[in-house]
Amino acid sequence: MPARDDGPLAERATYKAFHMVSTRWADNDQYGHINNAKFYEFVDSAVNAHLLVAGALDESIGLVVDSGCRYTSSLAFPDVIEVGIKVDRIGNSSVTYGFAVFRRGTAVPAAIGHFVHVYVDAETRRPKPLPPKLRGVVENLKAD
């Protein structure tokens, strides 16, 4: 199988918003670093905090339908981390987010990745067009 080439790591400046996370003792695994599954929790919290503060989650629910992450270095408690978020693509009912997880104050991310939210009606769980407020918020996160 050929080696995977994800290209160069994105620079901090490509991320449009940042969310600070204080790690907890329980985030470490038996190997002494933050478990990989915690990175997804940090990213999910960062995106949803951004949308909630902007008042953009009143009408739809974002379901994750695809995700991926590449880890470049480890983090451990008591690191404070910054999750950078951006939007790579906006569809009719979906948004592809890019993310990077940085140790506070560093330029090189410990992890980079993506996830796709499909926004659905809260009752029917069927995809629906992005509400105008949500679309406006994610357009402001669009990568250059």
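User: Thanks! What secondary structure does the protein chain have?
Analyst: There are two helices and five strands. Starting from the N terminus, the order is β-α-β-β-β-β-α. The radius of gyration is 16 Å, close to the 15 Å that the globule rule gives for 144 residues, so the chain is as compact as a globular protein of that length. Along its principal axes, the C-alpha trace spans about 40 × 35 × 30 Å.

User: And what's the mean pLDDT of the chain?
Analyst: The mean pLDDT is 90, with 94% of the residues at 70 or more. Residues 1-6 have a pLDDT below 50, and beyond near neighbours in sequence that stretch has one contact in the model. Where pLDDT is low, the predicted coordinates should not be read in detail.

User: Got it. Switching to rings: how many aromatic pairs are there?
Analyst: The count is six aromatic pairs. One of them is Phe 39 with Phe 42, a tilted pair at 6.3 Å centre to centre and 55 degrees between the planes. Both belong to helix H1 (residues 36-53), and because they are three residues apart there, about one helical turn separates them.

User: Are those two buried or exposed?
Analyst: Phe 39 and Phe 42 are both buried. Another pair is Tyr 97 with Phe 115: the ring centres are 5.2 Å apart and the planes are at 25 degrees, so this pair is stacked.

User: Where do Tyr 97 and Phe 115 sit in the chain?
Analyst: Tyr 97 is in strand E4 (residues 94-103) and Phe 115 is in strand E5 (residues 111-121), so to speak two distant parts of the chain linked by a pair 18 residues apart. Tyr 97 is buried, as is Phe 115.

User: Which residues form an aromatic cluster?
Analyst: Tyr 15, Phe 18 and Phe 102 form one. Charged side chains come in here too. Arg 12 has its charged end over the ring of Phe 102, 4.6 Å from the centre, while the charged end of Lys 86 sits over the ring of Tyr 15, 5.1 Å from its centre.

User: Nice. New topic: where is Thr 23?
Analyst: Thr 23 lies in the loop between strand E1 (17-22) and H1. Its relative accessibility is 8%, which is why Thr 23 counts as buried.

User: What does Thr 23 touch?
Analyst: Leaving out residues up to four places away in sequence, Thr 23 touches several residues, including Ile 34, Phe 42, Phe 77, Pro 78 and Asp 79. A polar atom of the Thr 23 side chain is 2.5 Å from the backbone oxygen of Asp 79.

User: What about the peptide bond from Phe 77 to Pro 78?
Analyst: That bond is cis, with omega near 15 degrees. Pro 78 is in the loop between strand E2 (60-71) and strand E3 (80-90). For background, most peptide bonds are trans, and most residues other than glycine have a negative phi.

User: Which residue other than glycine has a positive phi, then?
Analyst: Arg 125 does, with phi near 65 degrees. Arg 125 is in the loop between E5 and helix H2 (132-140). With 45% relative accessibility, Arg 125 counts as partly exposed.

Key
Residues are numbered from 1 along each chain as its sequence is written. This is a predicted model: local features need pLDDT of at least 70, side-chain atom pairs count only at pLDDT 80 or more; totals for chains, interfaces and linings use all residues. Side-chain values use heavy atoms; hydrogens and water are left out. Rings of Phe, Tyr and Trp (its six-membered ring) pair if their centres lie within 6.5 Å; planes under 30 degrees apart count as stacked, over 60 as edge-to-face and the rest as tilted. Helices (H or I, at least four residues) and strands (E, at least two) are DSSP runs, numbered from the N terminus. Buried means under 20% relative accessible area, exposed over 50%, partly exposed in between (1.4 Å probe, protein chains only). A charge sits over a ring if NZ of Lys or CZ of Arg is within 6 Å of the ring centre and within 35 degrees of the ring normal. A polar contact is a pair of N or O atoms within 3.5 Å; within protein, one must be able to donate a hydrogen and the other to accept it, and residues adjacent in sequence count only if both atoms are side-chain atoms. Contact means heavy atoms within 4.5 Å. pLDDT is the predictor's confidence in each residue, from 0 to 100. The radius of gyration is taken over C-alpha atoms; the globule rule is 2.2 Å times the number of residues to the power 0.38.
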